[in-house]
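Subject: Structure handover

Hello,

Please find the structure below, with the sequence. Notes on what was found in it follow.

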Amino acid sequence: MEPNQEEPKEKQSKGKETETKDENKNNEENKIKVPKTEEEKRALEFLEKKEREKKEEEERMRKEEETKKKMEEKAKEIKQEQKEGDGKKEDVPDGGSAAKEFLKDVVENEVERVELIEDTTDKRDFTKPLEPEKFEYSFGELDKFLHYEYRDVRPIYRYSVEMVLVTFFLMVLPIILVLIVENPGFKEIFSVFLNIKNPRVKTFFKFCCFIAMTYDIFILSKIFMDNLLYVFVWLLTLLDVRIEGAIATALQIICSSTDNLKNTIATLFVFFVASELLGGYTPFKTEMDINHLILTIMLWYVCFSFMLFLENLIMNIFFGEIGRGSFAGRIYDANSKTFVFKKLLAISMKKLEGKKAMDKVINEMINDYESSIFLKHASLNLVSKEAAVEIAESIFGYLGIKQLEYKKIKKFFPDIYEDVYRYLSQGRTQKKEPVSFDTFKEQCINLYQERVDIALSLSDRDKILSRLNVVLLFGVYFLGLVLFLMLLNVDYKVYLASLGPFLFAFGWIFQDSIKELYRCFVFLLISHPFDNGDRIVINNEELKVANIDLFYTSFYNNNGRVVYMPNLFLATQKIFNLRRSLHESETVELLIASSTSFDNILKFKDNLSEKLKKIAREFTGQVLIIKSELAGDSIKLSVNIQYNTNLQDFLPNFARHELLIKTLKESLGSCSIGHKDTFVFIT
């Protein structure tokens, strides 16, 4: 027994020795593998990370493959059971048809689940960063809360109900008080309000009546002004007048000047109500009491608001004329594109409420008109590139789609679906392929950048015109002061006598500055050769407009340096505007073998044209041979290539050049033309 017990002990000791040797060996190997430097350590960590990612990817693929096989096997089993059931349908008892239908549904659902797994493999899931708007109730913001809660009700109905409720709460107490104090009979219940005997009750009743009527007048004037555009459109349609060009611009100008007009109309009616309640008004009265002073101030405010309306109208006409010549197309285009994303976002968020809510948005959310004077749809909150990405992800996330199909665009925009699809697909209208998320997101980001450039240009324009607006406002306030003195029956001629010499002296001292100011106005607002964000060429130097001021304009050159130029200098220069150019072209100089025949050059031209036509997003396919001349032991060939866009964007131009060089090499190779790897671009 003892030898038998010692033998295992010896084996165990040998095994321990072997393990110890292995551990020592591993430790030696590990010591060799320990990185000595930070670079080696980072490299090792990177390799380990890649190895982990590879294993995780293999594991994920294995699980997906197993799931797919299980689903396929399950679908086959169910189909086999269905066939067996069909072969023995005479043995099926009552209710067999129902069971068969159920079995059919199960098979179809399983097959759909298998297809869904195949379709969603390696595709991203979209988040929903934008949540539907919510408004928490608070007594201090009761009006906003009610407007939000009943936002789907037409504004005219909401305002009507609001008028009735406010008038009721303002007048119920004075009416009850009059009935209690006067105690009229049944026949005098209405006429008693016209002849209230108690002076305090009469004053209180008139005051409440004035407040209620003032509120109602301002609400009615707001409703009228908000719908003024539709009133004009209805009248012009009735008269069979087409709303386009100058007429459309005039309507937008009038509607953008309605704030002061609304105050004018509302205050005029309030003045009539106040004069009726206070016993009438006589202008230019020598003796004045508190009631006459209040009515005089009201009348003056009516006239002053109307003068402000005229000044605002003149400025908007000036804005409109400038905008129609330089901004109209860009603003109209940007507003139309913004509406597309705004409607898509509204439709996608309504999906949470069901199909009826979505259909309501599709049918009722119509772009009534697009402004060519100012940017609209600020509620979309397209304020940054991150916001643009969030909008795109929210639309795809709430709709639950991976791609935006043509049929969905046709459903969402039944009247303009072709234009919308052409825009979202970046002009790919041939095969009606679905719009990918990357393309959709890119268009949203491009729209943000376009709106930023337009907003900066409008801001610079407004900043320039604000100088002119200050002059006009000074004149309006001066006339308003004179009018107020007239209504108060004060002699104002003394104050006007000293104004003439002052204006003459001012004009004589600052005549050179006034001329310079006038020339800058003409250059920036009438000639208007560039907008903020435009890429231009001056004296063979490419510049991007950074900021436009009245006397100076700042630019960025291609090295990122800021360049300042006086506008009077720019007015004498030849300016090339790249953004406003539609289809620009560049000439490429390349060196080919001197043995190349002219027929082979023409063959190369046709081959290059065909290849470029296939890249329709970047090139039109127009290729011209400008020059072919000897240059040493080679032929210098000048080829003019027309792009399908302009050269406004700086970085994409380099990518376009790389693509063109690659295509040139392929065409030269196809035509067996030897060449040197030198390509010179001449704009």
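The expected span of a helix is 1.5 Å times one less than its number of residues. Helices (H or I, at least four residues) and strands (E, at least two) are DSSP runs, numbered from the N terminus. Helix 13 (residues 385–399) has 15 residues and should therefore span 21 Å; its end C-alpha atoms are 21 Å apart, which agrees.

This is a predicted model, in which local features need pLDDT of at least 70, side-chain atom pairs count only at pLDDT 80 or more, and totals for chains, interfaces and linings use all residues. Residues are numbered from 1 along each chain as its sequence is written, and side-chain values use heavy atoms, with hydrogens and water left out.

Overall

The protein has 22 helices and 11 strands. Buried residues (under 20% relative accessible area; exposed is over 50% and partly exposed in between, with a 1.4 Å probe and protein chains only) make up 33% of the 683 residues. Of the contacts (heavy atoms within 4.5 Å) with a separation of 6 or more, 69% are between residues 24 or more positions apart.

Helix 13

Among the buried residues are Ala387, Ile391, Glu393, Phe396 and Leu399. Just after helix 13, Gly400 takes a positive phi of about 70 degrees.

Aromatic pairs

Rings of Phe, Tyr and Trp (its six-membered ring) pair if their centres lie within 6.5 Å; planes under 30 degrees apart count as stacked, over 60 as edge-to-face and the rest as tilted. By this rule there are 17 aromatic pairs. One of them is Phe193 with Phe205, stacked at 5.6 Å centre to centre with 25 degrees between the planes. Phe193 is in the loop between helix 5 (155–182) and helix 6 (199–226), while Phe205 is in helix 6, 12 residues apart. Phe205 is buried, with a relative accessible area of 12%.

Phe341 and Tyr423 form an edge-to-face pair, 6.2 Å centre to centre and 90 degrees between the planes. Phe341 lies in helix 11 (residues 328–350) and Tyr423 in helix 15 (residues 417–424), so this pair ties together parts that are 82 residues apart in sequence. Both Phe341 and Tyr423 are buried. Ring pairs also link Phe341, Phe396, Tyr423, Phe437 and Phe440 into a cluster; Phe396 in that list is one of the buried residues of helix 13.

An open sheet is formed by 5 strands in the order 6-5-4-3-7, with antiparallel pairing. Two strands pair if DSSP finds at least two bridges between them. Strand 6 (562–566) and strand 7 (575–577) are the edge strands, each pairing on one side only. From one strand to the next, the twist averages 40 degrees (axes are lines fitted to C-alpha atoms, for helices over the stretch in contact, and angles run from 0 to 180 degrees between N-to-C directions). Strand 4 (residues 541–548) and strand 5 (residues 552–557) pair in the antiparallel sense over 5 bridges. Lys544 stands opposite Tyr556 in strand 5.

Gly674

Gly674 lies in the loop between helix 22 (650–670) and strand 11 (675–682) and is partly exposed, with a relative accessible area of 37%. Leaving aside neighbours within four places in sequence, Gly674 is in contact with Ile592 and Ala593. The C-alpha atoms of Gly674 and Ser595 are separated by 8.9 Å, and these residues are 79 residues apart along the chain.

Regards
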